[in-house]
Amino acid sequence: MVAPEPLPVALSAEKSALLARLAEGLAAEELYWVAAWSAARAGQAQRGVRPVDLAPVDAPDAPRLTILYGSQTGNARRVAEQLASRSESAGLPVRLVRADGYPQRELAKETHLLVVISTQGDGEPPDDARGFVEFLAGKRAPRLAGLHYAVLGLGDSSYPQFCAIGRQLDERLAQLGAVRFAPLGEADVDVDAVAAPWSAGALEQARGVLGRAAPAAVRSASVHALPTRHAHSREQPFAATVLANQRIVARDSERAVHHLELSLEGSGLRYAPGDAIGIWPTNPPALVAQWLEALRLDGAQEVTHQDRTLPLAQWLSRERELTRLTRAFVAAHAAAGGHADLAHVLRKESAAPFAELLASHQPIDLLRRYRADWHAGELVAALRPLTPRLYSIASSPRAVGEEEVHLTVARVEYAAFGVPHWGAASAFLAAQEEDARVPVFIEANERFRLPADDARDVIMIGPGTGVAPFRAFVQERREAGARGRNWLVFGNRHFTRDFLYQVEWQEALQSGALHRLDLAFSRDAAGKVYVQDRLREQGRELYAWIEGGAHLYVCGDANRMAKDVHAALLDIALAHGGHSPESAREWLADLLTQGRYARDVY
């Protein structure tokens, strides 16, 4: 048993011994409940609220609402926390639990379940919900005739499989005999536009049953950990000062990559290696000009939408999504121009052409290819709101200080259909000069953390800008004097042009902060070599590290790289672990469940 790390405020010897005796022999889910109960008591103490006595979460006469969430980037977690807080305020007994911490055997005993879950990339569940999704879809899933449920799916309509996992769970729960107490909700990246009214309706339905059934003492109980609150947040970002903005690839590189350093001084924001920084971008001025020209609209025209009046150019610059095509906008543009052929691609049987359209076109391409007369107000209403972008943090506060944060940004800029195209956030960040201000917030990522036991080895797989969090990891482990070994697998296109942070990695190898570095430059070799190829080459040693207790981390593209790496890990388990295909899948799933296989993919 690994001893817990000392806390800043220590208990007395007597209380420590008592706590140890109480915790002895508790199962994992019971320890989670104790942690949640303690967090609730701490939150009440901070707010000056008299602590209430909490009934055990499995008390037979205490109906409750279980809110289960699966989240990759933090949106589903945020919505679930808001739901739990609103439930608590309404006097409902509530338990908030992340999907990978939910004891699956309890599902058959649940009476009211509310699921908030995101869909990643091409219809994949978030990593923390893979086990739950697979369990529910499998033969071991129980009949749920006594369960009332509701599902809120989160997704991105610029992907073909929008909210696919939410739909899958909603249908499967019904197949197992459960009864919906609220219809399926499907939220786009403008999450709150759907989540807020859906949550109000779902909680009203839950209150109708639980509000009458729950004993008063239990109704006031809080059995979830309260999130940390900062003065600055997604809704109220901090204006961070740009300290440095440096291009870190060769001038002849096919893609510009920038290293940015931002000041958080005075923000109160804190972060840990593995977290992300959220950026509220402004669309490129040249792109806004393209829109106004293509639609023959006046940027100075005042437009009122949802009780706000702004010039059209400002709506397009700061308030509306211009670089990501969505099903809703395709439908609206087809209707505005009477384009039957464009509307045809939205049909169910046209899934492949629709996916190709989303992958190859930005909205501006649609405006040029399919002409339509848009009124300024209707255009603003049809476009979805601009949303923040998340970037993996590339620094450790131990190394750079708590009031500074670094990030690694690949500028998206390319030509298509004869005209230039840009990415919103990357173009915005790449253009920032020193002393400029950037609206930011911190998005915690609890599933992408270094092991608490610093004697554990870590394996980090991060091609391209996916190496960013591993710069933070190596800095953190060096500053903390970690005893475990660090192995980095990095890939990019060209050694001489695209070796991000090359000097730092060489210095880390020399100092012992990095113990192994494997490289894959796909355009330098006669045959393309990727990180997954390096993993297979070093499969025997990689497997030995993992079996020896190493933690494995992957960061980067979700749809291609992460899938290829996952497939390589399965092959390694077959070749070097003596696994069958089924047991190899179980082996990786178990690593995910343990938190020893963590992915920060997008």
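A residue counts as buried here when its relative accessible area is under 20%. With that cut-off in hand, here are some close-ups of this predicted model.

**View 1. L591 in helix α23.** Welcome to helix α23, which spans residues 581-594 and holds L591. The relative accessible area of L591 is 3%, so this leucine is buried. Leaving aside residues up to four places away in sequence, L591 touches I546, R596 and Y597. One of these, I546, is 45 residues from L591 along the chain, yet their C-alpha atoms are separated by 9.2 Å.

**View 2. Strand β16 and its two antiparallel pairings, with β7 and with β9.** Take a look at β16, made of residues 437-443: the strand is mostly covered, with five of its seven residues buried. Strand β7 (residues 238-247) runs antiparallel to β16 and is joined to it by four bridges. Within this pairing, R437 of β16 stands opposite T241. Strand β9 (residues 276-279) also pairs with β16 over four bridges, again in the antiparallel sense. Here I442 in β16 is the bridge partner of I277.

**View 3. The second largest cavity.** Searching the whole structure turns up two cavities of 30 Å³ or more.

Definitions and conventions:
Residues numbered from 1 in each chain as written. Predicted model: local features only at pLDDT ≥ 70, side-chain atom pairs only at ≥ 80, totals over all residues. Heavy atoms only, no water. 1 Å grid on protein atoms, 1.4 Å probe; cavity = no way out; pocket = protein on both sides within 12 Å on 5 of 7 lines; lining within 4 Å. Points joined across faces, edges and corners; volume = space filled by probe spheres on them. Buried < 20%, exposed > 50% of the residue type's maximum accessible area, 1.4 Å probe, protein only. Pairing = 2+ DSSP bridges. Contact = heavy atoms within 4.5 Å.
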